[in-house]
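Subject: Structure handover

Dear colleague,

Please find the structure below, with the sequence beside it. My notes on what was found follow directly after it.

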Amino acid sequence: MNEKKKNYKDTLNLPKTNFDMRAGLLKKEPAMQAQWAKQNLYGQIRDARAGAPRFILHDGPPYANANIHMGQALNKVLKDIVIRYRNMTGYDAPMIPGWDCHGQPIEQKIVEQLGEKMATMTSMEIRRRCAAHADKFVNIQSEQIQRLGVLGEFDKPYITMTPEYESAVLEVFARLVEQGLVFRQLKPVHWSIENRTALAEAELEYHDREDDSIYVLLTTADPSALKGLFNLDDKTPAYLMVWTTTPWTLPANLAVAVHPDFEYSAVKFKHAGRDAIAVIASDLVEKVCGVGGVGKFEVLATARGAAMVDAGITYLHPLIDGKICPVVPANYVTLEDGTGLVHTAPGHGMEDYGTALKFDLEVYCPVREDGTLDETAPDWLIGKSVWDANPLVVDFLGNAGTLFHRQAITHSYPHDWRSKTPTIFRATEQWFVAVDGSMKRGTTLREMAMDACRKSADEGGMDFVPAWGRNRLAGMLESRPDWCISRQRSWGLPIPAFFDEAGLVLLTPASVRAVAKRFAERGSDCWFTDSPAELLADYNPADDPDLANPNTFDAAKLHTGHDIFDVWFESGSSWFAVAIQRGLVGEIPVDLYLEGSDQHRGWFQLSLLPALGAAGLPPFRTVLTHGFVVTEDGHKMSKSLGNTIDVIDQLSKRGADILRLWVASQNYQDDVRCSESLIAQSEDAYRKIRNTLRFCMGACCDFDPASDAAEPSEHSLDRWMRLELHQLVRDVRGAYDRYEFHRATRLMYEFCTVQASSIYMAAVKDRLYCELSDSPHRRATQAVLHEVLVTLVKLLAPILPHTAEEAWEHIPARDPNEPESVHLTLLPEYDEAMLEMAEDLRPVNPDLAQFSSDEIQVGPAWIWDRLLELRADGLVKLEALRNAGVKNPLDAEAVFSIAAADPAAEAFMETYLGELEDLLGVGYARIEKISSTSLQPVSDTLPIAVRVEDTREKYARCARSWKRRPDVGSDADYPDLSARDAEVMKTLGKSI
RNA sequence: GGGCUCGUAGCUCAGUUGGCUAGAGCACACCCCUGAUAAGGGUGGGGUCGUUGGUUCGAAUCCAACCGGGCCCA
């Protein structure tokens, strides 16, 4: 018996393929990537698309100082999907990856490594080490990104520290200078007195420190204004009370800030034995009086901060005779500490500085580099260090009777991480790009930027995916201050400004371009090695219309400035340095910038501003943003919390295509959740997709569309499958077009799961395995399966490039006219007419679609919906039968009941009976006519009922197809076979 | 604290302009097959649509407040 069974098995057309069931991505992917590199697949794609319309996705440069993390993987994979998709839809879509190399984090790392040796190092030595560090991580990241399967010009990426890039940045800068947008102004920075240098936020350490906390009474300059506002008619002296822990900043006091919405009280109490009235925020009155040891106090009246500002209240400077200062509004005023009135010294605080810009106060800083007060300070403070000044100021106030209270407090205070000494805020000269200053072309950067935010790309503005990006970018541009582009560090692109002995600046478009030329030839290191005369070798003062006195120009008397550019200025110039200079576009905008949503403030905004200033146009047509990678429960990932998922780890454990499938399955517009189990879920999905492809290959092992193709018959399941496939092509391409990759992924995955595996493949196994290999019925199914295979492989290629390529190589009898690599092909088109026909022939009036009339027009889509309803109903009944003991559906028959006098239903059933047998996977299916009154139809639109019955006693089992059917044994030569199988065996000429 | 934003089954997602009992797939449970086999198939359970109010005949959908998450600022 076993022998016999086995012999029949040999007569079947079982699937055969050497496309591995198990992916083995860990081995195959690197090999495939090496192969792609060897055959220069990227170059081949470029060649194949030469002359086609361009689609430029300009890559934002990641910072080259660490292994890539999941957020970068997400970003790079999304970009790669876009690039591959565009190339497969006939665009010429190049990808030039880039890296951001300059900047504080790398410099800090190097300085940390150097430790004590640092003191003996020159800028050049530090720069060399930084460059080596950046170079190392460019290579590491490049390898890691390519391991993700990302396609691009990795042998010639753009690197911001290269001479050609640096000189391009200077050209953008020259154009901004040309537009009159670049200026120099004081701005407070963190300052290390010990090292006489500006510090970045990251170079600060916070330690506890003890300081004097003082409450100061500021005498009102015009008592009547204050008393008018609070409706006081008292002769008592009136004050504003402020609080500070940095008494040394009081010489630089220029204003008092109040919150416009807070309520302030005029409080009367005894101070130094005399009556006094002081203004304090109402909520803080008790606290302040308590601290100051005031036993009894009286609130005389209250007023809003805004009213104080409106009343034009002024006060006398606490240290400088005759100086009168204003009260200004500020929203950063809080009720946490102090008095609700904030001592404002624009040269010594960031918020104070912002207030100064807003209200046109001087950015006054009487503190020199060495931390001593300069000659503009009161006599008794000149030359004193700020630390020595503290007690002197306190004493002075005490003597003047304006010190309300003094106590020592311990608070967290910033220190220079290297010298461990306390830092101060100190205003220094910085370079700025003006946001509101009008430029040569007439408007301001802010006006241009806001205008671009209001318009769509087609109107000369920008498009946003998702749409709220427009609002977010506009909000930031609306309120942003002038852009401070200078930094006081070594590792960066020098700002090419020269100073003469008098401190006058040489910075004109021509001088910048001269330096740019020098940088292009020698790199920006020459700023530190060459003389100004050498740097300006290409500069002719006589030809420079922007130079005030060409006759007195003497390069020998110049010295170079020490500032470097904010790295954002460098990356913000990439539209010019890369997109234009490397010939991707003749002029901006490029098509797409695609980055994380944090780049609204970063790269998007800081590319938009230079581009508007230098070129008068936005750099991009569309901004697409994605969310951040967060943990499974939606919290942020951070190394310190130890809840990160490591990209490299996942790549070496699961492979790039798994990670890519995870990326593609996520709706990246929100935050993207990531965990082992979520990626594992993608791994499961991957297997399903892979096996679907594998089944198609196996089933088509003896099929060549060129010679064996057969058109599926009119009412066949194959037609339905093709219809589903073309819908899939339409929907997936639409999703790709809208950058909705998670929809594309889900559509394909569910297609594999439901339409392909569960419904179609299960149903057509019998005809594939049991029929003669060249029967038209079987060939038609193979033709559809082949089309499914080729179509799916192409549609999947942007997301699963390795698997698609591997599958492409294994497609049986692949069209020889198609390219060797799937990545050189074009995506399949869908047959619009076919889809329309399927849809348009739906019943005109569903209420009449009873099949009792032959007048009603129904299309394939409608019919197959009904058939699948019948299938679903049948499957539920089969499940019941299985629970009753009939384990194998081949041991059951499906019985379709129709009304005796319903020729339409009868015709319908006769047409689809065979397909329903396969859809249910039963051994046999038959039609039964019953009285219309006893018919309980499966749905109100189809007057047909289905039930299933045990046939184990009724029919014999066909030894070849395993189906129980009435016709088993009908052929005397093959008593153990059904009629169909006996026929097949005869034709095969084999006997058992 | 401010700006922007998100919140539908354990997970990933659908849910057109407010309208049948909120849907898929995965996962899970149970079952089947052993001719896709480290595969394949079937059935089933599971959701107060973040919470609370409001508008409405009717709200996952519109409005408000709140709670929770994220990005960017302060």
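A polar contact, as used here, is a pair of N or O atoms within 3.5 Å; within protein, one must be able to donate a hydrogen and the other to accept it, and residues adjacent in sequence count only if both atoms are side-chain atoms. The side chain of Arg882 meets this with an N or O atom 3.2 Å from a sugar or linking oxygen of RNA strand B. This is a predicted model, in which local features need pLDDT of at least 70 and side-chain atom pairs count only at pLDDT 80 or more, while totals for chains, interfaces and linings use all residues. Residues are numbered from 1 along each chain as its sequence is written, chains are lettered from A and ligands numbered from 1 in the order in which they are written, and side-chain values use heavy atoms, with hydrogens and water left out.

Two further contacts to RNA strand B can be listed: an N or O atom in the side chain of Glu750 is 2.7 Å from a sugar or linking oxygen, and a polar side-chain atom of Tyr769 lies 2.7 Å from a phosphate oxygen. Helix α26 (741-770) supplies the largest share, twelve residues. Helices (H or I, at least four residues) and strands (E, at least two) are DSSP runs, numbered from the N terminus.

Turning to helix α3 (residues 41-49), Leu41, Tyr42, Gly43, Ile45, Arg46 and Arg49 are buried, where buried means under 20% relative accessible area, exposed over 50% and partly exposed in between (1.4 Å probe, protein chains only). The cover over these buried residues includes α2 (25-38) and α4 (70-88), with contact meaning heavy atoms within 4.5 Å. After α3 comes Gly51, which has a positive phi, near 90°.

With kind regards
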